[in-house]
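Please open the model in your viewer and keep the sequence beside it, so that each selection below can be followed from one stop to the next.

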Amino acid sequence: MINVKITKDKNIYKEVTICGHAKYDDYGKDIVCSAVSSIATTTINGILSLNKDSLVYKSSVGRLKITINSADKTTQTLIENMINLLKELEEKYPANVKVK
């Protein structure tokens with residue numbers, strides 16, 4: 001299962017950690033893992049293209065940690081959009097994705 005942990009402080013997103021494997025299919029064939037990766041990567045790249053100091057991320061096998069350094073409206077909106085997309089995946093694949 002992919003676990004997504006969201007940390008907020010006074011309605012400001014501070015951190016998002018994504019870890020695990022969906023186990024929907026074999027590695028390299030898993031559409032749920034692919035979707036989560038695409039959502040996170042697109043969000044990170046979009047935010048960094050607007051302001052390289054808005055966030056930092058650390059990626060390792062089976063784990064992605066995003067630390068959000070900016071409370072600006074654009075960064076927060078894009079992070080919220082990412083979380084909403086991940087929640088939609090959770091609704092469709094509840095045995096494979098959990099958003100907390």
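In this predicted model, begin by selecting the buried residues of α1, which are Val 32, Cys 33, Val 36, Ile 39, Ala 40, Thr 43, Ile 44 and Ile 47. Because they cover an arc of only 135 degrees around the axis, they sit on the same side of α1. Turn to the other side of α1, and Thr 42 and Ser 49 are found exposed. Now show what the buried residues of α1 pack against, namely β1 (2-9), β2 (12-20), β3 (55-60), β4, α2 and β5 (97-99).

Display the whole of α1 next, residues 31-50, whose 20 residues reach 29 Å from the first C-alpha to the last, close to the 28 Å expected at 1.5 Å a residue. At the N-terminal end of α1, select Asp 30, which caps the helix with a side-chain oxygen 3.0 Å from the backbone nitrogen of Val 32.

Then move to Asp 72, placed in the loop between β4 (63-68) and α2, where a relative accessibility of 30% makes the residue count as partly exposed. A polar atom of the Asp 72 side chain lies 3.1 Å from the backbone nitrogen of Thr 74, and the side chain also makes a polar contact of 2.8 Å with that of Thr 75.

Finish on Thr 75 itself, which lies in helix α2 (residues 73-92) and counts as buried at 4% relative accessibility.

Note on methods. Residues numbered from 1 in each chain as written. Predicted model: local features only at pLDDT ≥ 70, side-chain atom pairs only at ≥ 80, totals over all residues. Heavy atoms only, no water. Helix = DSSP H or I, 4+ residues; strand = E, 2+ residues; numbered from the N terminus. Buried < 20%, exposed > 50% of the residue type's maximum accessible area, 1.4 Å probe, protein only. Polar contact = N/O pair within 3.5 Å; in protein donor to acceptor, adjacent residues only side chain to side chain. Expected span 1.5 Å × (residues − 1). Arc of directions from axis to C-beta. Contact = heavy atoms within 4.5 Å.
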